[in-house]
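Please read these notes with the structure open beside you. They take the contact between chains before the details within each chain.

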Amino acid sequence: MPDSTSDAHRTAGASEGHELPPDAREPYDLAVIGAGPAGLAGAVTAAEHGLSVALLDSARQPGGQFYRHPAPATRAARPEALHHDWPAFADLRDRLKAGGVTCLFDHHVWTVAREAEDDWTIHALTEPPGDQQHSVRVRARAILLATGSYERQLPFPGWTLPGVVGAGGAQAMLKSGLVLPGRRVVVAGSGPLLLAVAGSLVTAGAEVPALVEASSYFRYTRHPRALAAQPRKLTEGAHHAEALLRHRVRPRTRHAVTEAHGTDRVEAVTVSRLDHEWHPIPGTERRIDCDALAVGHGLIPQIDLATALGCATRRTADGTHALALSPLQETSLRGLWSAGETSGVGGAQQAMAEGELAALAAASRLTGRRPAPLPHLRSLRRSRDRMNAFADAMAVTHAPGPGWTRWLTDETDVCRCEEVPAGRVREAVTEYGARDARSAKLLTRAGMGWCQGRVCGWAVSCLASSPDTAPTHAGAQTSAPDRRPLATPVPLGVLADLTSPDRQPASPPPASDLPPHPPTEGQPS
Amino acid sequence: MKPTDLVGATPGPPFTITFDGRRLDALPGQSIAAVLWAAGILSWRITRGGGRPRGAFCGIGQCHDCLATVNGRPNRRACLVTARPGDTVTTQEGNGHAGFDE
Ligand code: FES
């Protein structure tokens with residue numbers, strides 16, 4: 001496979017309507033991975049402070065998941081109809097165009113290698129339309145990781161039926177593909193995203209017969225100070241609530257979908273009431289007809305690229321692993337900054353503030369000048385800290401209770417890729433002594449499929465964390481973050497190229513070079 | 001209200017792709033998964049172990065449930081691949097290489 005760094009540059013440039021001289025700007029001062037709110041804010045801020053910047057994203061246009069929107073070919077006149085706070089994105093997009101940032105879209109980053117102090121190589125795959133897949137290397141003096149998050153899923157009987165889709169997945173398919181999974185869509189799970197998803201679905205013409213939330217929203221009121229500091233969050237919530245009210249969708253809290261029914265596709269769901277630990281209460285089941293179910297239980301920071309490098313992580317209030325960062329957004333590896341949901345899930349406003357802070361810190365380090373007046377830096381940090389406090393309150397409220405595993409039957413597939421049922425994972429624990437996700441995985445293949453455990457990892461660690469397989473939430477929290485040497489599937493040919501002497505890039509990052517041990521938790525930030 | 005009306009989409013004329021021999025209308029810019037959903041098709045893969053139907057789940061390239069065979073190439077993530085005129089999509093059975101083993 002040819003090393004096509006320069007081709008890829010030209011392609012990316014051409015698709016954006018401007019030509020870029022190949023390689024002329026490498027190494028870039030800063031490479032930003034992820035073009036969502038955090039990455040965009042970071043890239044434009046860095047460019048406006050004189051850094052040369054490359055911005056990589058697997059999508060074909062900027063926006064990330066939050067500002068996902070239809071492809072230009074759909075010629076959507078009102079993309080903002082499916083978005084809250086579109087002007088913030090429009091502003092970033094305009095500044096991106098003006099700022100001379102090298103945009104490398106359709107670039108799937110699979111690993112980042114640290115060659116030396118101030119010398120990083122990003123390895124990505126790209127496939128220009130109608131062309132072959134190419135491998136691409138991008139060199140940079142510093143990295144800003146803004147890879148966001150992905151949805152947490154708690155399995156339940158019937159969740160592999162067609163028509164059962166991730167809540168974020170339904171939202172993504174609607175925002176970019178302008179399609180719905182069905183006409184009558186139950187929305188279920190936990191977390192503020194559900195409000196947004198249900199709001200978008202009804203606005204786009206679907207019927208939402210039930211919006212089922214496992215936690216109780218009333219717990220927000222236990223954090224009045226964090227809540228009061230968040231007028232923008234409240235407006236966003238009100239924006240969705242208004243759409244729901246107009247369509248008579250009332251959130252049903254302390255309930256969960258405990259089964260999906262159907263043969264070749266979902267036809268109905270069973271909704272049960274939950275006690276405060278998320279145990280389904282027998283006798284409360286109710287059946288709701290639907291032709292689709294959009295389900296999700298919050299978001300998990302996407303930190304594979306950083307954990308593969310050995311970055312320190314911290315435990316979030318809802319039991320996921322996030323990157324441990326300095327007050328100026330730097331990871332435990334010097335020169336690797338991070339912003340957005342990689343350090344905890346807090347929404348677009350927080351992500352943009354963090355992206356700006358990280359870029360200012362990187363610019364200061366690389367240029368040796370203070371890039372922004374101190375009062376501005378201080379106020380950025382203050383608002384980020386306020387939003388962090390609110391995000392923590394939300395995370396506590398929506399953290400899955402330990403009782404959810406009760407709705408799993410032994411036949412329920414936990415791992416969708418390898419089709420491993422809950423009974424096999426339970427057996428690995430009770431019969432063979434598995435005590436964590438890793439040993440359960442080795443014994444059952446759960447998490448060894450295509451998605452590398454992204455979908456089932458959290459559920460498997462819950463099942464494996466206690467000998468009686470009725471784990472406590474704290475049990476699920478003790479497992480180490482997942483390590484994935486490759487953040488995206490890579491053809492063997494690409495790996496072979498890296499080690500062949502002819503094609504030797506600056507330094508190959510074979511998986512064996514990666515730190516052998518999981519990073520330490522809770523390293524001071 | 002249809003989603004396309006909501007955002008005021010005025011794409012160029014639809015083109016067709018085929019799915020297991022059936023002709024489907026596609027809008028420029030849509031992913032293959034979106035074209036299938038628009039036609040009411042929710043599954044286009046049969047699992048290796050249980051022989052169960054699957055389609056798009058995460059919608060963003062993470063879960064690999066949406067794997068399809070596109071123009072003879074197996075294991076393409078339908079949620080990421082943009083549909084192009086004349087694309088031939090077929091249901092993927094198992095790991096997509098069954099044909100080569102026989
Ligand atoms: S739907 Fe998950 S990868 Fe395509």
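1. Salt bridges across the interface. The model is predicted. Across the interface of chain A and chain B, the rule finds 4 salt bridges. One pairs the side chains of Glu127(A) and Arg73(B), at 3.3 Å from N to O. Side chains of opposite charge can pair when their charged atoms come close.

2. Polar contacts and what supplies them. Between chain A and chain B, 21 residue pairs are in polar contact, counting pairs with both residues at pLDDT 80 or more. On the side of chain A that touches chain B, strand S8 (164–166) and helix H4 (167–177) each supply at least two residues. H4(A) gives the largest share of that side, 6 residues. By class, the side of chain A that touches chain B has 26 nonpolar, 16 polar and 13 charged residues.

3. Extent of the interface. How many residues of each chain are in contact with the other? Chain A contributes 55 residues and chain B contributes 47. The size of an interface is often given as the accessible area lost when the parts come together. Here the area buried between chain A and chain B is about 4000 Å². Carbon and sulfur atoms give 57% of that area. Which three residues supply more than any other three of the area that chain A buries against chain B? They are Met173(A), Glu419(A) and Trp450(A), with 16%.

4. A linked set of charges. Over all chains, the count comes to 18 salt bridges by this rule. Arg416(A), Arg45(B), Arg54(B) and Asp65(B) are linked in a network of salt bridges. Arg54(B) sits in strand S4 of chain B. Asp65(B) sits in the loop between strand S4 (53–54) and strand S5 (67–70) of chain B. The two residues are 11 residues apart, and the pair links distant parts of the chain. Are Asp65(B) and Arg54(B) buried or exposed? Both are buried.

5. A strand-to-strand pair in chain A. Arg141(A) forms a salt bridge with Asp29(A), with the closest N and O atoms 2.9 Å apart. Which strands hold the two partners? Arg141(A) lies in strand S6 (residues 134–145) of chain A, and Asp29(A) lies in strand S1 (residues 28–33) of chain A, so the pair ties together parts that are 112 residues apart in sequence. Arg141(A) is partly exposed, at 27% relative accessible area. Asp29(A) counts as buried because its relative accessibility is 14%, under the 20% cut-off.

6. A pair of sequence neighbours. The side chains of Arg384(A) and Asp385(A) also meet in a salt bridge, at 3.1 Å from N to O. Arg384(A) counts as buried at 5% relative accessibility. Asp385(A) is partly exposed, with a relative accessible area of 39%.

7. A buried loop residue in chain A. Leu274(A) lies in the loop between strand S13 (268–273) and strand S14 (286–289) of chain A. Is Leu274(A) buried or exposed? Leu274(A) has a relative accessible area of 1%, so this residue is buried. Not counting residues up to four places away in sequence, Leu274(A) touches Ala214(A), Arg254(A), His255(A), Ala256(A), His279(A), Pro280(A), Ile281(A) and Trp407(A). Take Ala214(A): this residue is 60 residues from Leu274(A) along the chain, yet their C-alpha atoms are separated by 7.1 Å.

8. A buried loop residue in chain B. Where is Ser31(B) placed? Ser31(B) is in the loop between strand S2 (22–26) and helix H2 (32–38) of chain B. Ser31(B) is buried, with a relative accessible area of 13%. Leaving aside neighbours within four places in sequence, Ser31(B) is in contact with Ala78(B), Cys79(B), Val81(B), Thr82(B) and Ala83(B).

9. Chain A overall. The secondary structure of chain A comes to 15 helices and 21 strands. Of the 525 residues in chain A, 59% are buried. Among contacts in chain A with a separation of 6 or more, 66% join residues 24 or more positions apart. The accessible surface of chain A comes to about 20500 Å², and 52% of this surface belongs to carbon and sulfur atoms.

Methods: Residues are numbered from 1 along each chain as its sequence is written. Chains are lettered from A and ligands numbered from 1 in the order in which they are written. This is a predicted model: local features need pLDDT of at least 70, side-chain atom pairs count only at pLDDT 80 or more; totals for chains, interfaces and linings use all residues. Side-chain values use heavy atoms; hydrogens and water are left out. Contact means heavy atoms within 4.5 Å. Buried area is the accessible area (1.4 Å probe) that two parts lose on being put together, summed over both. A polar contact is a pair of N or O atoms within 3.5 Å; within protein, one must be able to donate a hydrogen and the other to accept it, and residues adjacent in sequence count only if both atoms are side-chain atoms. Helices (H or I, at least four residues) and strands (E, at least two) are DSSP runs, numbered from the N terminus. Ala, Val, Leu, Ile, Met, Phe, Trp, Tyr, Cys and Pro count as nonpolar, Asp, Glu, Lys and Arg as charged, and the others, Gly among them, as polar. Buried means under 20% relative accessible area, exposed over 50%, partly exposed in between (1.4 Å probe, protein chains only). Accessible areas come from the Shrake-Rupley method with a 1.4 Å probe; for residues, only the protein chains shown count as cover.
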